[in-house]
Amino acid sequence: DENDEIIYLKTRYNDGTVKLRNPNIELMDQDILYHLALGSGSHDLEEMFGDVKFVCMGGTPKRMENFAHFIMDEIGYKLPAGTQLQDISAFSYRYSMYKVGPVLSISHGMGVPSIGILLHEIIKLMYHAKCKDPVFLRLGTCGGIGIEGGTVVVSEGAVDGLLRDTYEMTVLGKVIHRPAKLDRKLSRELKALADPTQDAYETISGKTMCTYDFYEGQGRLDGAFCDFTENEKMEYLQKLREFGVVNIEMESTIFAALTHHAGIKAAIVCVALLNRLNGDQVMAPKEVMNEWQKRPQILISRFIRKRMAQQ
Ligand code: R2B
Ligand code: URA
């Protein structure tokens, strides 16, 4: 933890603003954030985003629009008279982005490549806007391992399909690895905000496994293809469990690795849609699922309100 703190401090500028680990950007006369439909030449990014403290990401545009409205109520934020919440990145037709005071709520799509592109552009956005000490939070869904549907999971760290705690990618034909580290202090702080007297569900923590596929890649028997047996699947899931993996999703390694590389504190809070030890199909009724998907938002809202009260 101490070491991590030092790395964060070194990676950021002294005033908490995000340092870019790419010397090319400041030499360019403008930087186009193509998939956000924003640019440093066309927009005053500091004026638009300079006050951002909490960058919240989740898979779907609708959920992140709902979260923006929810957090607006929760922090008592008032939009300027006569205005409505607007999707700032609507004209990208890729991601949706909403801003509510210090909170950004952005959809990241499904999987590592989609959230990876977004992370590059949002980290650059933090740099251009001179945001101070922004915290990145992923609010997601996942498959649980040995936990019931509706359980909230705060990730302690991310591992890939080979149980390695790094994000692997190919750059210029070479394989590189970046540590998929989340901020342990932050994950403990989030976990402590679970309230057994108020929450009719459990909030746990553990390792999160990130895969490149929902079906075969997560050991499902119900994809278009399946070349393993149910026994082999169960053996694998048991092995994950023994390793401390409590949930499986599709973005955690790159989310942890790129935020860590940028010196940005980050956490992942997901709700389990099912217990993979009992099956593969996502079967909970829509209303139940909608209620479940509010649970990570409730925890994140407690966190944001707590932080805002401290400022
Ligand atoms: C969780 O849910 C999606 C797949 O259904 C994926 O984005 C993830 O990580
Ligand atoms: N998201 C996943 O990636 N896997 C699941 O099982 C459920 C949601």
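Among contacts in the protein between residues at least 6 apart in sequence, 78% join residues at least 24 apart. Here two residues are in contact if their C-beta atoms, placed from the backbone, lie within 7 Å. This is a predicted model, so local features need pLDDT of at least 70, side-chain atom pairs count only at pLDDT 80 or more, and totals for chains, interfaces and linings use all residues. Residues are numbered from 1 along each chain as its sequence is written, while chains are lettered from A and ligands numbered from 1 in the order in which they are written.

Start with the whole protein. Its secondary structure comes to eight helices and twelve strands. Helices (H or I, at least four residues) and strands (E, at least two) are DSSP runs, numbered from the N terminus. The radius of gyration is 19 Å, close to the 19 Å that the globule rule gives for 311 residues, so the protein is as compact as a globular protein of that length. That radius is taken over C-alpha atoms, and the rule is 2.2 Å times the number of residues to the power 0.38. Along the principal axes, the C-alpha atoms fill a box of roughly 55 × 50 × 40 Å. Buried residues make up 40% of the 311 residues. A residue is buried if 20 or more other C-beta atoms lie within 10 Å of its own, exposed if 12 or fewer, and partly exposed in between; the C-beta atoms are placed from the backbone.

Now look at helix 8. It covers residues 286-310, 25 residues in total. From first C-alpha to last it reaches 37 Å, close to the 36 Å expected at 1.5 Å a residue. The expected span is 1.5 Å times one less than the number of residues. Buried residues of helix 8 include Gln-293, Pro-296, Leu-299 and Phe-303.

Next come the ligands. A residue is near a molecule if its C-beta atom, placed from the backbone, lies within 6 Å of it. Around ligand 1 are Gly-59, Met-110, Gly-140, Thr-141, Cys-142, Phe-214, Glu-249, Met-250 and Glu-251. Strand 6 gives the most to this shell, with three residues. By class, the shell around ligand 1 has four nonpolar, three polar and two charged residues. Ala, Val, Leu, Ile, Met, Phe, Trp, Tyr, Cys and Pro count as nonpolar, Asp, Glu, Lys and Arg as charged, and the others, Gly among them, as polar.

Ligand 2 is surrounded by Thr-141, Cys-142, Gly-143, Phe-214, Gln-218, Ile-248, Glu-249, Met-250 and Leu-273. Strand 6 and strand 11 (245-249) are the elements that give two or more residues to this shell. Five residues around ligand 2 are nonpolar, three polar and one charged.

UniProt, in an unreviewed entry, places the feature "binding site" at Gln-218 and Arg-220. Its positions are given in the numbering used here, feature names are shortened, and annotations may be inferred rather than shown by experiment. Gln-218 lies in the loop between strand 10 (203-210) and helix 6 (230-242). It is buried, because 22 other C-beta atoms lie within 10 Å. Arg-220 is in the loop between strand 10 and helix 6. Arg-220 is partly exposed, because its count is 17. Not counting residues up to four places away in sequence, Arg-220 touches Tyr-215 and Asp-280.

Finish with the backbone. Most residues other than glycine have a negative phi. Asp-133 has a positive phi of about 45 degrees. Leu-163 has a positive phi too, near 65 degrees.
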